[in-house]
Amino acid sequence: MTNNDVALRVKDLIADLSNLLLNTPWRNLYCDSLNAISQEISSPCRLAITGRVKAGKSSLINVLLNGDYAKVGTDETTATINIFKYGEVPDKSLPVLCEYINGKSEWVSKSFLDSLQGNTSEIVSRISGIRSLTFFLSDERLRNTILIDTPGIDAVVGESGDAHQEQTEKFLGLRKQHNDETIQISNNADAVILLLGEVSHESDVDFIQGFLKNRGHHSCINTIALLSQIDLTDERMNNRYENAQKRYISLSQYVNSVMPISAGLKRYIPSPKEAGVIKAIISRVPSKNILDSLLLRSEKMYLLPKIPGVDISLEERLSIYKKGIVPFRCFAVFLKIIYQNEVSEALKIINEISGIDALKEVLGVQFFGRSLQIKTETAIRQALNIIWNVSNCSISDSLGSTYNNISNTEIDHIAKRIQGIQNELEILSQATRDANTYFQAMISLAENYQLFTEEEYEELKGLFSDKITIFNNDRLNFWFRDKNNSISELRRDIAEKAYSKYTDIAFN
């Protein structure tokens, strides 16, 4: 069954369940929720980006969306929920829809957004009445996915010290807002990208546990962590893969993967022409040691009128450094790599270190391409929760005591039909989990692309994303041999998934 087939069948089953409950004691409790659950399947997937304040969320959002939508700065920004969805604005001078907690809304200007930046008590008070700010973009990826920038965790804004975190937890459903009898649907994210800081914090685990608690532990498949700002130090950059693997080991039961990234490096990669100019100037530094220990020791050192041993004027240095635009740490990385490599190779290395292209590929498969599956999984889980609640009330006893005019035969029929719906939903739930196996293989493939030739990589991408649906016996045998003989354990694991997928295609 395709994702669309599964979604349609789940809708039918939810409709059947709702009809069965119409004449039962649970009508008022669950029928409206079931109708909302069914409608949610067709709505865009909600992907929330969160993390510790100053972990680089704004830079990531800007580089993912190719714009300057999120404010980037050294100070904490305000605790607003920023939503990015597909669409156009009626007036380009008022590009953002501001929705207030009191139910009112208005289109606002860029200057209005700028007035919300900061952490003073006045600004915090002003934004306390804002529910969300929505940006409408003509980005095809957002047709089926809504991207949500949450304020973050472990902030120190406002008198209580947790204005950011309170907004984040409320939005993601981590703070209870409804009675036990209701199924909370609105405002919860379907998937989460969590930015990790340089140091591990207990709140990282606490946050993820809170997210998974509301959605079932298997939802870790829809939680990805990013080891952000790897450009902060040379050690952090050079050991990015090892550090990401260590963090994944500690968080493996909570997240699907941990990927190292630098949004800053990607955002400020110079053009080939600019890189050529930088290369010509920086090549005049006598040695890499002088480059590292003197010129790039700090921004203050770089901007000195004269630097001992460096015959490059301040005017020349300023001409290649976009002060106030490019973070100095990113600029330093550019210079070190361009100094040691030819321009084309240097740009390739910088782009690879940033990790953004690999991340975009993963997000395309994990979230943008799996929107319907994610929504369907959520609907199945919520419908099963309702069935389990009903079952725990003893269907037969409750029906018999409330509706004396219902015969035992009718009571048995309703109970058996609900049980049948539960059984089929559980089968469909297992099918979605099986599909996630190949999705995880895709993630592993993106993270370890260097283990494969370009042809193998393209084949596996198509195979795991269901673009390859024709059985190929030669490729099945190839991956069978590879899963048994490859030196790399990671390659053997991916090859085993490829062999299994070709086997599935053969039988289907």
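This briefing covers the nonpolar cores, the aromatic pairs and the charges over rings in this structure. The model is predicted. Its largest nonpolar core has 57 residues, and a search of the whole structure finds eleven aromatic pairs.

**Nonpolar cores**
- Within the largest core, the residues touching the most other members are Leu60, Ile193, Leu226, Leu359, Leu460 and Phe464.
- Leucine 359 touches Leu60, Leu64, Ile224, Leu226, Met259 and Ile261, with residues up to four places away in sequence not counted.
- Another core lies apart from the largest one and has 33 residues, including Ala275, Val326, Phe334 and Leu347.

**Aromatic pairs and cluster**
- Among the eleven pairs is the edge-to-face pair of phenylalanine 478 and tryptophan 479, at 4.8 Å centre to centre and 85° between the planes.
- Tryptophan 479 is buried, with 0% relative accessibility, whereas phenylalanine 478 is partly exposed at 22%.
- Phenylalanine 480 and tyrosine 499 form a tilted pair, with 5.3 Å between centres and 50° between the planes.
- Phenylalanine 480 belongs to helix H22 (residues 473–485) and tyrosine 499 to helix H23 (residues 489–507), so this pair ties together parts that are 19 residues apart in sequence.
- Phenylalanine 480 is partly exposed at 37% relative accessibility, and tyrosine 499 is partly exposed at 24%.
- One aromatic cluster is formed by Tyr302, Tyr321, Phe328 and Phe331.

**Charges over rings**
- Arginine 475 lies over the face of phenylalanine 478, 4.3 Å from the ring centre.
- Lysine 483 has its charged end over the ring of tyrosine 499, at 5.4 Å from the centre of that ring.

Conventions. Residues numbered from 1 in each chain as written. Predicted model: local features only at pLDDT ≥ 70, side-chain atom pairs only at ≥ 80, totals over all residues. Heavy atoms only, no water. Core = buried A, V, L, I, M, F, W, Y, C linked by side-chain atoms within 4.5 Å. Buried < 20%, exposed > 50% of the residue type's maximum accessible area, 1.4 Å probe, protein only. Contact = heavy atoms within 4.5 Å. Phe/Tyr/Trp six-rings, centres within 6.5 Å; stacked < 30°, edge-to-face > 60°. Helix = DSSP H or I, 4+ residues; strand = E, 2+ residues; numbered from the N terminus. Lys NZ or Arg CZ within 6 Å of the ring centre and 35° of its normal.
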